[in-house]
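Biologist: Can you walk me through this one? Keep it simple, please.
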Amino acid sequence: MKRIITALIVLIAAVTAMAQLPSLKGQKGAATWTSKVEMTGKKTGRVVLTLSPAAGWHIYGFEVGEGGPKAMNADFAKSTGVKFKGAWKPSVAPVKKFDDIFGIEVTYWTGKVELSREFDVTDATNAKITGTVTYQGCNGETCNPPQKYNVALTLPAKSAGNK
């Protein structure tokens with residue numbers, strides 16, 4: 001009898017926990033991502049990450065004050081054969097406003113944005129762009145825990161001396 005009661009309690013707890021998860025209408029998270037490499041010259045290019053927040057969600061930007069949600073971070077240090085230049089450039093400026101819940105100024109996107117970063121090719125035969133974007137999304141009711149988007153790209157075959 002104790003086993004049945006314990007199993008019933010666990011089942012009720014699991015159903016309750018699932019009911020509290022935010023609805024993403026078939027999406028796996030608060031946003032979807034795509035990535036690509038665009039060559040701008042024989043030994044130059046840019047990596048482009050496209051962020052599309054789910055309806056009703058916003059994704060925090062690279063600049064978030066202390067004590068707030070998780071700021072976006074893009075770590076591409078494991079890339080080989082390329083040297084990145086400058087910072088990530090968004091195609092659309094993020095919204096910047098004071099967040100009453102966190103009590104700080106935050107930046108975020110509510111719509112599609114392309115984040116791009118330029119690079120020089122230093123070793124065409126071993127060039128690989130590898131990285132992880134860590135981000136957090138919130139809607140009007142809840143915030144997801146920080147999530148990751150992994151990137152693994154190679155340069156186009158005809159670029160930077162590849163044939």
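Biologist: How many salt bridges does the structure hold?
Modeller: It holds four. A salt bridge is a side-chain nitrogen of Lys or Arg within 4 Å of a carboxyl oxygen of Asp or Glu. Keep in mind that this is a predicted model, where local features need pLDDT of at least 70, side-chain atom pairs count only at pLDDT 80 or more, and totals for chains, interfaces and linings use all residues. Residues are numbered from 1 along each chain as its sequence is written, and side-chain values use heavy atoms, with hydrogens and water left out.

Biologist: Which residue forms a salt bridge with Lys 85?
Modeller: Asp 120 does. Their closest N and O atoms are 3.2 Å apart. The pair links distant parts of the chain, with Lys 85 in strand E5 and Asp 120 in strand E8 (residues 113–121), 35 residues apart. Strands (E, at least two residues) and helices (H or I, at least four) are DSSP runs, numbered from the N terminus.

Biologist: What about Lys 96 and Glu 105?
Modeller: Their side chains meet in a salt bridge, at 3.7 Å from N to O. Lys 96 is exposed, with a relative accessible area of 53%. Glu 105 is partly exposed, at 44%.

Biologist: New topic: rings. How many aromatic pairs are there?
Modeller: A search of the whole structure finds eight. One of them is Tyr 60 with Phe 102, which is edge-to-face: 6.4 Å centre to centre, with 85 degrees between the planes. Rings of Phe, Tyr and Trp (its six-membered ring) pair if their centres lie within 6.5 Å; planes under 30 degrees apart count as stacked, over 60 as edge-to-face and the rest as tilted.

Biologist: Where do Tyr 60 and Phe 102 sit in the chain?
Modeller: Tyr 60 is in strand E3 (residues 58–64). Phe 102 is in the loop between strand E6 (95–99) and strand E7 (104–109). They are 42 residues apart, so this pair links distant parts of the chain. Tyr 60 is buried, at 1% relative accessible area, whereas Phe 102 is partly exposed, at 28%.

Biologist: Why is the pair of Phe 76 and Trp 88 called tilted?
Modeller: Because their planes are at 55 degrees; the ring centres are 5.3 Å apart. Both residues are buried. Phe 76, Phe 84, Trp 88 and Phe 119 form one aromatic cluster.

Biologist: Last one: what does the side chain of Thr 107 reach?
Modeller: The backbone oxygen of Glu 63, at 2.7 Å. Thr 107 lies in strand E7 and is buried, with a relative accessible area of 6%.

Biologist: And which residues does Thr 107 touch?
Modeller: Among them are Tyr 60, Glu 63 and Lys 96, not counting residues up to four places away in sequence. Contact here means heavy atoms within 4.5 Å.

How values were computed:
Buried means under 20% relative accessible area, exposed over 50%, partly exposed in between (1.4 Å probe, protein chains only). A polar contact is a pair of N or O atoms within 3.5 Å; within protein, one must be able to donate a hydrogen and the other to accept it, and residues adjacent in sequence count only if both atoms are side-chain atoms.
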